[in-house]
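Work through the exercises below with the model open. Try each task before reading its solution.

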Amino acid sequence: MRPVAVSRLERVSRAVVRGARRVPGVRAFLLNPVVALLGHWFATLCALLWAVPLSLGRVRRRGKLIVAERMPRFAFGRGGTTIGGVFLTHGSPSAAVLEHEKVHRDQWRRYGLAFAVLYAAAGPNPFTNRFEIEAGLAKGNYRRPWNV
């Protein structure tokens with residue numbers, strides 16, 4: 001596998017994570033369940049404010065996940081993106097993809113707004129990104145070879 005170029009976002013995210021580790025109490029504060037849950041709800045609200053006008057009203061609850069279908073492709077990354085408790089996508093997701101995205105929803109609940117930085121620091125390659133691995137690569141339709 002060829003080495004992957006590290007993006008500016010990834011470098012900055014890694015620097016933020018390293019810096020936060022050095023400051024006493026930051027990790028405990030950000031990962032406090034109450035703070036993380038508030039971050040999750042804030043991210044969910046922001047995602048809904050983004051999704052409702054762009055999805056032409058096709059936003060519905062599927063279990064514990066809110067799915068915004070028929071989003072324009074510029075409005076999310078890859079095949080879809082979960083922000084807080086909202087999955088933004090263009091098509092109609094399969095049951096396996098929804099299971100994968102529910103894990104990301106749980107990650108948002110566990111880490112709050114810190115999840116965005118932690119995810120970016122983990123890198124764009126799903127085969128080395130611990131959050132994608134935890135969510136299940138096969139369920140998320142990730143197949144080798146992965147070219148970034």
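**Exercises on sheet, helices and cores**

In E4, Thr-89 is the bridge partner of Gly-80. Strands (E, at least two residues) and helices (H or I, at least four) are DSSP runs, numbered from the N terminus. The model is predicted: local features need pLDDT of at least 70, side-chain atom pairs count only at pLDDT 80 or more, and totals for chains, interfaces and linings use all residues. Residues are numbered from 1 along each chain as its sequence is written, and side-chain values use heavy atoms, with hydrogens and water left out.

**Exercise 1.** Derive the strand order of the open sheet and find its edges.

*Solution.* 
- Start with E3 and E4. They pair in the antiparallel sense over four bridges; two strands pair if DSSP finds at least two bridges between them.
- Inspect their connection. E3 and E4 form a hairpin with two residues between them. Gly-84 in that turn has a positive phi of about 60 degrees.
- Move to E2. E2 and E4 run parallel and are joined by three bridges. Val-67 has Phe-87 in E4 as its bridge partner.
- E1 and E2 pair in the antiparallel sense over four bridges. Arg-61 stands opposite Ile-66 in E2.
- The four strands form an open sheet in the order E1-E2-E4-E3, with mixed pairing. E1 (59-62) and E3 each have a single partner strand, so one side of each is left without a neighbour in the sheet.

**Exercise 2.** State which way the E4 side chains point, then list the largest nonpolar core.

*Solution.* 
- Collect the core. Its nine residues are Ala-47, Ala-51, Ile-66, Ala-68, Met-71, Ala-75, Phe-76, Val-86 and Leu-88. A nonpolar core is a set of buried Ala, Val, Leu, Ile, Met, Phe, Trp, Tyr and Cys residues joined through side-chain atoms within 4.5 Å.
- Assign elements. H3, E2 and E4 (86-89) each give two or more residues to this core.
- Look for another core. One of six residues lies apart, including Ala-43, Tyr-111, Ala-122 and Phe-131.

**Exercise 3.** Classify the packing of H3 and H4, then describe that of H4 and H5.

*Solution.* 
- Take the geometry. H3 (residues 33-54) and H4 (residues 95-111) pack at about 130 degrees, with axes 6 Å apart. Axes are lines fitted to C-alpha atoms, for helices over the stretch in contact, and angles run from 0 to 180 degrees between N-to-C directions.
- Apply the classes. H3 and H4 are therefore oblique to each other: under 35 degrees is roughly parallel, over 145 roughly antiparallel, 65 to 115 roughly perpendicular, the rest oblique.
- Name contacts (heavy atoms within 4.5 Å). Those between H3 and H4 include Ala-36 and Trp-41 of H3 and Arg-105 and Trp-108 of H4.
- Turn to the next pair. H4 and H5 (residues 114-122) pack at about 120 degrees, with axes 8 Å apart. Trp-108 and Tyr-111 of H4 are among the contact residues, as are Phe-115 and Leu-118 of H5.

**Exercise 4.** Where is Arg-78 found, and what is its phi?

*Solution.* 
- Locate the residue. Arg-78 is in the loop between E2 (65-68) and E3 (80-83).
- Read the torsion. Its phi is near 50 degrees, a positive value in a residue other than glycine.
- Arg-78 counts as partly exposed because its relative accessibility is 39%.

Methods. Buried < 20%, exposed > 50% of the residue type's maximum accessible area, 1.4 Å probe, protein only.
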